[in-house]
Amino acid sequence: MRRPLLTLLLCSGLACTAPHAQTTSRLTDIKPIPLGNSPVTLHPSGFPDVTITPLWRENGNAWSHHLYAVTTRDTEQPDRTSLVDTENPDHAGQLLDMLQDSPHTGEDAVQTVHFASGRVNGTPALLLFVTTRDTGTNPVPQPSPAHIRVYQLTQGDGEPGSTPFYFALRTTLASPVTTCHADIALSATTKIPFARWNADQEPVPTCPQ
C-alpha cells in the first residue's frame, strides 16, 4: 500500500477557524503537477479534459508575472473552448477568469500558483494551491507571513454568471513560518515537495542571507 504524501482536513468554510463548527473533508495522496512554459492537458476523473496554459506577462521590471488560463471543451459546443474560473474570496466569491502569480525577482516570490492531483474523501480530485505572502507595507524582500488557499475543481450550478466548471475554494491555511518566498510558506504548511516555483526556474529552498 503506497503511503499518502499528506493528509489535510479541508473545511467547508473559507478558513478552519472553528473546526468543531465546520464540516471537514480528508485530502490525501497529493501529487504536484509540474508546469513548464507550454500548455499541459490533464484528464481529471469525472470531468472533461482540462488544459492549463501558462502565459508570461513581461513588464520590463521586477513585476513581470505569469497568467494561467485553465480551459476545457464546451460540453454543448465541442468546437468551443470554455474557461475554468476560480473563486475570488476577496471579492465575495466572484469568479476570476485567469490566475496570476507574482514571482518578483524569483528569490522573493509574493504569490505562487500550483496544481496537483489528490483525493478528497477517497475520490480523485484536481487541486489548486495559491500561496500569498502578506507583505503589507513592508519591502517585498523582507520576510512576511503567508496564507495558502486550497481549491478543488468542481462542476458549476448553472446559475447565470457561472461557468460549467470552476475551482471552488475549500479552505485557507495560515503558514507557520515567516518567509521571503511564497513556496517556502507552502512547503512549511503542507509538506508538499513542490520542485519549482514556476516555469523552468530552480527551487528556492531558503531565503538569501
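Contact here means heavy atoms within 4.5 Å. Welcome to a predicted model, in which local features need pLDDT of at least 70, side-chain atom pairs count only at pLDDT 80 or more, and totals for chains, interfaces and linings use all residues. Residues are numbered from 1 along each chain as its sequence is written, and side-chain values use heavy atoms, with hydrogens and water left out.

**View 1. Pro-54 and its surroundings.** Let us start with Pro-54, which is found in strand β4; strands (E, at least two residues) and helices (H or I, at least four) are DSSP runs, numbered from the N terminus. Pro-54 touches Gly-36, Asn-37, Ser-38, Pro-39, Leu-67 and Tyr-68, not counting residues up to four places away in sequence. His-66 is twelve residues from Pro-54 in sequence, and their C-alpha atoms are 6.4 Å apart in space. With 10% relative accessibility, Pro-54 counts as buried. Buried means under 20% relative accessible area, exposed means over 50%, and partly exposed is in between (1.4 Å probe, protein chains only).

**View 2. The whole protein.** From the N terminus on, the elements run β-β-β-β-β-β-β-β-β-β-β-β-β-α. The protein has 209 residues, of which 45% count as buried. Among contacts between residues at least 6 apart in sequence, 50% join residues at least 24 apart.

**View 3. The nonpolar cores.** A nonpolar core is a set of buried Ala, Val, Leu, Ile, Met, Phe, Trp, Tyr and Cys residues joined through side-chain atoms within 4.5 Å. The largest one has 19 residues, and Phe-115, Leu-128 and Phe-167 have the most contacts inside it. Two or more residues come from each of β4 (50–57), β5 (65–73), β10 (111–120), β11 (123–133), β12 (146–155) and β13 (165–174). A second, separate core of twelve residues includes Ala-116, Ala-125, Val-150 and Ile-192.

**View 4. Two aromatic pairs.** A pair of aromatic rings is described by the distance of the centres and the angle of the planes. Rings of Phe, Tyr and Trp (its six-membered ring) pair if their centres lie within 6.5 Å; planes under 30 degrees apart count as stacked, over 60 as edge-to-face and the rest as tilted. By this rule there are two aromatic pairs. Phe-47 and Phe-165 form an edge-to-face pair, 5.7 Å centre to centre with 75° between the planes. Phe-47 lies in the loop between β3 (40–42) and β4, and Phe-165 in strand β13, so this pair ties together parts that are 118 residues apart in sequence. Phe-47 is partly exposed, with a relative accessible area of 23%, whereas Phe-165 is buried at 8% relative accessibility. Phe-115 and Phe-167 form a tilted pair, 5.9 Å centre to centre with 55° between the planes. Here strand β10 holds Phe-115 and strand β13 holds Phe-167, so the pair links parts that are 52 residues apart in sequence. Both Phe-115 and Phe-167 are buried.

**View 5. Helix α1.** Helix α1 (residues 182–190) is largely enclosed by the rest of the structure, because seven of its nine residues are buried. Those seven are Ala-182, Asp-183, Ile-184, Ala-185, Leu-186, Thr-189 and Thr-190. Just after α1, Lys-191 takes a positive phi of about 65°.
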